[in-house]
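Student: I would like to learn how to read some features of a protein model. Could we go through them one at a time?

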Amino acid sequence: MTTSVRGGQLARLLGQWHSLPGRHRSPDYAALAGAVRGLLADGRLPLGVRLPAERELAEALGVSRTTVTAAYRGLRETGHLTSRRGAGSWTTLPNGHRVATSGLWTPDDDLDMIDLGVAASAAPVELVPAARAAADELPRFLGSAGYNPTGLMELRDAVAAAYTARGVTTSAEQILITSGTQQALDLVLRLSVPAGASVLVESPTYPNALAALAARRARISTHGIDAATGWDGEMLLGALRQTRPRLAYVIPEFHNPTGHLMPAALRERLVAAAHATGTELVVDESFVDLPLDTDEMPPPVAVFDRHSRVVSIGGMSKAYWGGLRIGWVRASAPLVQRLAALRVGVDMSSPVLEQLVAVHLLRDAASIVATRRAQLAVRRDALIGALRDDLPEWQFTVPAGGVMLWAELDGPISSALARAAEDVGVRLAPGPRFGLDGTLERFLRLPFSLPADDLIEAVRRIASVRHDLDRSARPAWRTEAVIA
């Protein structure tokens, strides 16, 4: 059944839907149509949703029905709305669009786009030799069915050894290999979060984590992370004590998207608070291998766990390659077995060949990760230099690691800027993608995983359209790209 949105609900999502301050005002119908496209671009209005009838929306917005009729007509002309007499109108995509790896709906002919929507790097040179070595090893596994829900023992041993080296003693029985970090999170949520359960997340946070929680129909509450200073310990612990959530999801190492690193003292207090409130703590360690300014890292959150409250998830997407779909869960051995049993109903197990490739890459982890860190440090500095030269009014804290910085813009223009940037060949992930309620319009995540020249050119193009936003007489809504 198609989901419907009522007039009052859509009015709340639209908020201040007229043209941005300082710009020549466009007609109300054009501004309304652009605002609806903006909601699609932010992911706040999904595809396939039936919009309210014209009269209902007009009453909710306090405008004439003629305005809404013209706006709907404009949306149909751009392919963002499909209407059928007697059935209503629902959100769609223009023809010739597809889903890109960034999670964006994009046109088929955008191969020259500088994509800053993806916070991941190209594969290391060691990947091809590792794949060849893995293929040579594959015959010894061909006599079995190839299903191993917990993962190959060689890979589980390697991941466990990495945790032990970081200071948290771990055995292979405490490791479940998954098809990427996202599946690791999804399995934990399937097991631990029944429909309607309370979950605490940071704000901003990883968009796909929010999507996974929405799929579980969780009741989500948030703890705000300051763009400049990171976590407020007292407020975070207070949120835990007040909401007593079933589960809390945090990203303590080079947080996505702010880049902050959680101090050791707060990690210890967070685990103690989770134990006191009966909260399962899911710790996303996707960026833990990527400190750029220091080799001294706080201990893993799991070091402070004495009551099996901490579940750590991680993977190889950020330090190695996103196309290698290898992730893992570190938890108590009984919980790993329960997750494996659940996993059988999802995809049986991870591909044997990819797991063997991962084993070979982890054997060379020291050199691969060192090269990646040096590469990212150069790219980060190039991005910072370009921002300071071309967009000096933007504010940000220089991240000490990871692959991104969180920029505070000079106005609530993130979504409009992202749409305008598409016109000059730059794809951006606007701030509202990283929150729940359409806020964060003053912020933009900027990854530095692309080559330095691309980053400098991207900033130059962004600066050109940023300055045009205040001068342009036309709406800056982009009709070709929708964030789903």
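Student: Where is the place of P257?

Tutor: Begin with the source: this is a predicted model, in which local features need pLDDT of at least 70, side-chain atom pairs count only at pLDDT 80 or more, and totals for chains, interfaces and linings use all residues. Residues are numbered from 1 along each chain as its sequence is written, and side-chain values use heavy atoms, with hydrogens and water left out. P257 sits in the loop between β10 (247-250) and α10 (264-277). Such labels are DSSP runs numbered from the N terminus: helices are H or I with at least four residues, strands are E with at least two.

Student: What kind of peptide bond joins N256 and P257?

Tutor: Most peptide bonds are trans. The bond between N256 and P257 is cis, with omega about 20 degrees. A cis peptide bond also joins S203 and P204, where omega is about 5 degrees. P204 belongs to the loop between β8 (198-203) and α8 (207-215).

Student: Is R217 buried or exposed?

Tutor: The classes are set by relative accessible area: buried is under 20%, exposed is over 50%, and partly exposed is in between (1.4 Å probe, protein chains only). R217 has 65% and is exposed. L440 also has a positive phi, near 70 degrees, and is a residue other than glycine. L440 is in the loop between β16 (429-430) and β17 (443-447), and at 16% relative accessibility it counts as buried.

Student: How is the angle between helix α1 and helix α3 read?

Tutor: Axes are lines fitted to C-alpha atoms, for helices over the stretch in contact, and angles run from 0 to 180 degrees between N-to-C directions. Helix α1 (residues 7-14) and helix α3 (residues 54-61) pack at about 50 degrees, their axes 8 Å apart. Angles under 35 degrees count as roughly parallel, over 145 as roughly antiparallel, 65 to 115 as roughly perpendicular, and the rest as oblique. The pair α1 and α3 is therefore oblique.

Student: Which residues make the contact of α1 with α3?

Tutor: Contact means heavy atoms within 4.5 Å. From α1 come G7, G8, L10, A11 and L14, and from α3 come E56, L57, A60 and L61. They divide into six nonpolar, two polar and one charged. Here Ala, Val, Leu, Ile, Met, Phe, Trp, Tyr, Cys and Pro count as nonpolar, Asp, Glu, Lys and Arg as charged, and the others, Gly among them, as polar.

Student: At what angle do α14 and α15 pack?

Tutor: Helix α14 (residues 414-422) and helix α15 (residues 452-469) pack at about 120 degrees, with axes 9 Å apart. That makes α14 oblique to α15. In their contact, A416, L417, A420 and A421 of α14 meet I462, V465, R466 and L469 of α15. By class, these are seven nonpolar, no polar and one charged.

Student: What does S221 touch?

Tutor: S221 is part of strand β9 (residues 219-224). Leaving out residues up to four places away in sequence, S221 touches V199, L200, V201 and T243. From S221 to S198 there are 23 residues in sequence and 7.4 Å in space, C-alpha to C-alpha.
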